[in-house]
Amino acid sequence: MKSIKSFLVSLIVVVLLPGVIVYTIFVYYGSREQQHVPVHAELRADHISSVDHSQFEVLQQEFKTPQDVTAACISCHNGRDEEIMATAHWKWERDVTLPGDRGEATIGKKNLLNNFCTGAIGNNGSCMRCHIGYGWKDKSFDFSDPKNVDCLVCHDLTQTYKKKKGEAGFPSTAENATADFPVPDYNLVAQSVGLPDKNNCGICHFYGGGGNNVKHGDLEEALLDCSFDVDVHMSSDSLNMACIDCHRTEQHNITGKLYSVSAMNKNRVLCEQCHTDKPHMDQILDQHYSKVACQTCHIPTYAKVNATKLYWDWSSAGKLDEEGEPFLESDGYGNHNYLSIKGNFIWDDHVTPEYYWFNGTADHILIDDTISEIPVKINTLMGSYKDSTSRIWPVKVHRGKQIYDTEYKNLITMKLWAAETGEGAFWKDFNLYTAASLGMDYIDKPFSGKYDFVKTEAYWPLNHMVSPKDQALTCTECHSREGRLANLNDFYLPGRDHMPVVEQGAIWLIILSIVGVVGHGLLRVIASIKRK
Amino acid sequence: MELYSKFERFWHWTQAVLVILLGVTGFEIHSSFQLFGFELAVRLHSAAAWAFLILIVVAIFWLFVTGQYKNFVPTSENLKAQINYYLSGIFKNAAHPTHKTKLSKLNPLQRIVYLALIILVFPVQLISGFLYMYYHYPKIHLASLEYVALIHVIGAFLLVIFLIVHLYLITTGAKVWTNLWAMITGYEELETEKKK
């Protein structure tokens, strides 16, 4: 009887209680319920227009020019012109304080260099087609005239309003209309205005750099109608969200901007504005928020439909065929890998991002800056592990090889575009020297006449093409010896880092102790056999 | 006689499974091997760490309340004899130099090693472990996780070595299974009892 009681007591204290504790650990703490914080957002799709524009008399007049439409808009929407004219969409520049001790600057598409077409400035006829104005063809453009504002390009919901190529923002006129670019039906368009939809924003933001998805990698025409796998927000299978659903807008100030053209940590769109900074219903995952941007795990790959440009080598540009004509070559997937007007490219789709610390501020190489390091950083995302405001961010890095002045050690912006040959534009006349000379002349900077090509890098943080949660990065994508963060080594990352010396020393000690106990045991066995 | 009380046996075996669970999951987090998967390993490791902390606090409380802490006070008495026993006596079937009693159930070597575990290795593992878990909270200013992790890993390796030697030494009782059986049932026939 006593032995049964003793057996039961032993069973409880030795097996049952420790077992219950470990079982509890496994059952209650070992798994995670797939939950998330509910999100309530007011969407563009829920907006009900308060007026019917087709009933306004002022929109039934015969519009001779697009500026007449703008004047009609402002006649009711007074003051909106001043709002839009205060934004970077109009000015193509912002007053910023650059990080470090670089001081104040006014930067934007208007004056920054890049490693795509080297810069918009001086190529106005073509590039300023994406300006929200009419006729920024040269320095004489009047930024103070509200009638130069193009209301329609953002507010047209008929998808028939188009700015013509090479006309500095104007649509076709009766004189230059073509089948692809007819004269807009201004009455129809003006009577069909509303909150901007995806294609209004996309007409410029998808095609920057001369084609779909050239620049961003995560912003392209596929988002107009994509599957849930491509983007959970914009998918037509889910909420089909519009750009302005996240890029909340007040008084025409559209929040959000990319660090290819901006510098300061303000006026941003952040995931947490809807999702909060503790969205996972899970402590361990939420703790990552302080060091890891949401985008890092939730955008595992970009360019998920069409390819994006990853490398652009200007040094081979300008080759002509036997007839003296420019030519093109394509890679196996139909993307250009050579164009006489632009040089060699590398494109790719389903690209794995590169990862950098980023605190929301960025530096830029300005036109007066001389080259001090190679590759030249067109823009620099600021941040480090030690900076508590920095988080790890996924980035598209666009690498290039572009023209610079070997004497003055600065990057060169080229005159690429002109309507006709003989004006010195590279895309018509294929003379690099002339294009460089005219490009620098336009911005009143000297050109020594001596040039070569230098490697450059531009950093484009990724924000779009958010994947479904079951496709988010798993732990070991980063927490492993050779993971995605293998190159981001200014800090200790569990699962990735270890000290080989300590590790080897410890393994030798373990081997030694095993040899020790096995040896000791064998000696005991031998001794006991001998005794018998 | 009953050498190990119910609580001691509960403590020992709970600590045993927790240390093994912490070790296995910890080395998986360290990328030494794959077993549970990283995410599960992290969750198990964190939960086991809390359980271990509670167990150690309760055990230390018990040690003082019952006076059993005296078992862990180091002594030089018999220390040399104990070392000599493991180096030579054990092969000659010599008698154990330390006689177990209810209030002195550990030999001098065990006292040193177990005390080191309780006041050095476990606290270091717990403190470095919880710093590891909570270092990113703003009030804890840690320049880098590196040294915390290094200390934690060294502690883990020491525990692996302890486990190997410990598992072997339990076979050095009166018979191979005597010590193990005592820690399960609580009972061991002691030298003093035999004489009676």
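**Close-up views of a predicted two-chain model**

**View 1. Buried residues of helix H1 of chain A.** In H1(A), the buried residues are A:Val13, A:Val14, A:Pro18, A:Ile21 and A:Ile25. The model shown here and in the other views is predicted. The partners against which the buried residues of H1(A) pack belong to chain B: helix H1 (6-29), helix H2 (38-66) and helix H6 (178-185). With 28 residues, H1(A) spans 39 Å from its first C-alpha to its last, close to the 40 Å expected at 1.5 Å a residue. A bend of about 35 degrees occurs in H1(A) at A:Ile12. An α-helix has 3.6 residues a turn, so residues three or four places apart point the same way.

**View 2. The contact between chain A and chain B.** Chain A contributes 40 residues to this contact, and chain B contributes 40 residues. On the side of chain A that touches chain B, at least two residues come from each of helix H1 (2-29), helix H11 (283-287) and helix H15 (500-531) of chain A. This side of chain A comprises 24 nonpolar, 12 polar and 4 charged residues.

**View 3. Chain B and its helices.** Chain B contains 7 helices and 0 strands, and its pattern along the sequence reads α-α-α-α-α-α-α. Taken along the principal axes, a box of roughly 65 × 35 × 30 Å holds the C-alpha atoms of chain B. Chain B has 196 residues, of which 23% count as buried. When contacts in chain B between residues at least 6 apart in sequence are considered, 60% of them join residues at least 24 apart.

View 4. The largest nonpolar core consists of 63 residues, and A:Tyr356, A:Leu381, A:Val395 and A:Leu416 have the most contacts inside it. Two or more residues of this core come from each of strand E8 (343-348), strand E9 (354-358), strand E13 (391-405), helix H13 (426-429), helix H14 (432-442) and strand E15 (451-461) of chain A. E13(A) gives the most, with 5 residues. Leaving aside residues up to four places away in sequence, A:Tyr356 touches A:Leu381, A:Gly383, A:Trp393, A:Val395 and A:Tyr459. A second, separate core has 22 residues, including B:Leu18, B:Leu21, B:Phe38 and B:Leu159.

**View 5. The two assigned domains of chain A.** The domain assignment divides chain A into domain 1 (52-92 + 131-194) and domain 2 (98-120 + 212-473). A distance of 28 Å separates the C-alpha centres of domain 1 and domain 2 of chain A. Where these domains meet, 8 residues of domain 1 are in contact with 8 residues of domain 2. Helix H3 (80-85) and helix H4 (88-91) of chain A each give two or more residues to the side of domain 1 that touches domain 2. H3(A) gives the most to that side, with 3 residues. By class, this side of domain 1 has 3 nonpolar, 2 polar and 3 charged residues.

**View 6. The surroundings of A:Asn199.** A:Asn199 lies in helix H8 (residues 198-205) of chain A. This residue is partly exposed because 16 other C-beta atoms lie within 10 Å. With residues up to four places away in sequence left out, A:Asn199 touches A:Gln159 and A:Leu224. From A:Asn199 to A:Gly516 there are 317 residues in sequence and 74 Å in space, C-alpha to C-alpha.

Definitions and conventions:
Residues numbered from 1 in each chain as written. Chains lettered and ligands numbered in written order. Predicted model: local features only at pLDDT ≥ 70, side-chain atom pairs only at ≥ 80, totals over all residues. Contact = placed C-beta atoms within 7 Å. Helix = DSSP H or I, 4+ residues; strand = E, 2+ residues; numbered from the N terminus. Nonpolar A, V, L, I, M, F, W, Y, C, P; charged D, E, K, R; others polar. Buried ≥ 20, exposed ≤ 12 C-beta atoms within 10 Å, placed from the backbone. Core = buried A, V, L, I, M, F, W, Y, C linked by C-beta atoms within 7 Å. Expected span 1.5 Å × (residues − 1). Bend = angle between axes of the 7 residues up to and from the residue. Domains from an automatic or database assignment.
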